[in-house]
Amino acid sequence: MSQTARSEPADARLKVHALARTDARARFAEDVRRGLTAAPKRLQPKYFYDQLGSLLFDAICLLPEYYLTRAEDEILRAGADEIVAAVAGEGGAPLSLLEFGSGSAAKTRLLIEAALRRQSRLLYRPVDISATALEVSARSLLQSYPQLGVEAFAGDYDAALARLKRDARGGGSPDDGARTLALFLGSNVGNFDPAEAEQFLTAARACLRADDALLLGADLKKDASVLLAAYDDPLGLTAAFNLNLLARINREFAADFDLRGFRHRVRYDEPAGRVEIYVESLRAQRVRVRELGLTVSFDEGEWTHTENSHKYDPAQLKSLAASTGFRLSRTWTDAAGRFSSNLFVAA
């Protein structure tokens with residue numbers, strides 16, 4: 001469809017909803033307190049992504065060992081038009097896009113462009129915890145695509161899903177009867193335990209109507225040596241990314257973690273299909289988190305869990321779709337068969 005229609009100014013095409021239920025810093029503080037006093041100790045991976053952590057992750061994505069980003073990019077570059085056409089169906093229904101954990105929306109541009117090759121305007125609804133990141137990425141997209149409108153939701157997944165479900169129950173469509181293609185890209189679903197993944201996808205399904213769809217990125221099971229190399233690169237960027245979580249606690253809560261007293265550790269639980277990431281204490285030590293009034297003792301060799309990354313096989317993905325109110329319509333993989341993009345159609 002032609003894209004010659006005149007567009008509105010960028011400010012008129014942007015709406016941001018602030019959904020945060022609680023102060024983000026207060027929530028971080030409570031999660032740190034709970035995690036460091038648990039047995040075994042744990043810290044949540046969502047806190048990796050402060051400004052430095054985000055820069056480190058961008059660098060990790062450039063490493064030859066970290067295949068995930070390149071593999072998904074390969075899929076979307078080759079298949080974006082096909083993915084959009086599959087959701088539009090034989091009648092060529094117009095689409096709107098909804099993305100969970102949008103970040104910079106770099107890969108999303110491929111799907112935006114594919115949609116705009118078929119229709120003259122497009123509504124994009126990104127969800128992200130950071131209002132600042134949302135506004136920066138949204139304004140960049142609006143500058144690039146005059147036919148695009150952005151309705152952003154700044155908040156955690158729980159708050160966003162509740163709002164989107166309420167909107168869906170109100171009837172109608174967010175964009176004149178368009179079908180929704182929801183996006184959960186990267187390997188974000190892998191950070192959820194199986195029960196958490198089911199819970200999230202069931203909640204996402206409640207925000208969609210029949211024949212809407214969810215494009216789910218999922219890393220595939222493969223040889224342990226390939227997986228371990230991806231999460232423990234020889235340059236040490238992933239180690240720095242992991243240890244930056246301790247440094248962030250130092251910066252934000254006046255803690256005194258000595259980063260030289262900890263090291264990055266990775267293992268693969270093959271029966272569970274799960275890469276597990278930890279920081280290991282290299283000696284017996286005590287860490288004070290002054291702003292939380294907390295002193296934490298670590299034993300020599302003690303591991304603190306920071307992240308899981310679950311890997312899937314085709315049967316598990318089909319089962320996951322069926323158990324959450326979807327059907328698995330189609331799967332695309334990169335040429336090497338390392339990563340998958342899965343079209344879950346709302347049943």
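Guide: Let's say that two residues are in contact when heavy atoms of theirs lie within 4.5 Å. Before we use that, note that this is a predicted model, where local features need pLDDT of at least 70 and side-chain atom pairs count only at pLDDT 80 or more, while totals for chains, interfaces and linings use all residues. Residues are numbered from 1 along each chain as its sequence is written, and side-chain values use heavy atoms, with hydrogens and water left out.

Our part is helix α9, residues 237–253. Helices here are DSSP runs of H or I with at least four residues, numbered from the N terminus. Start with Asn-250, which sits in α9. Setting aside neighbours within four places in sequence, Asn-250 touches Ala-255, Asp-256 and Phe-257. Its relative accessibility is 19%, so it counts as buried; the cut-offs are under 20% relative accessible area for buried, over 50% for exposed, and partly exposed in between, using a 1.4 Å probe and protein chains only.

Now for the partners. Helix α2 (residues 51–60) packs on α9 at an angle of about 175 degrees, with the axes 9 Å apart. Axes are lines fitted to C-alpha atoms, for helices over the stretch in contact, and angles run from 0 to 180 degrees between N-to-C directions. That makes α2 and α9 roughly antiparallel, given that under 35 degrees is roughly parallel, over 145 roughly antiparallel, 65 to 115 roughly perpendicular, and the rest oblique. On the α2 side you'll find Leu-52, Gly-53, Leu-56, Phe-57, Ala-59 and Ile-60, meeting Leu-237, Thr-238, Ala-240, Phe-241, Asn-244 and Arg-251 of α9. By class, that contact has eight nonpolar, three polar and one charged. Nonpolar here means Ala, Val, Leu, Ile, Met, Phe, Trp, Tyr, Cys and Pro, charged means Asp, Glu, Lys and Arg, and the others, Gly among them, are polar.

Then there's helix α1 (residues 24–36), whose axis comes within 12 Å of that of α9 and crosses it at roughly 120 degrees. The two are therefore oblique. In α1, Arg-25, Phe-28, Ala-29 and Val-32 meet Arg-248, Ile-249, Glu-252 and Phe-253 of α9. This contact of α1 with α9 splits into five nonpolar, no polar and three charged residues.
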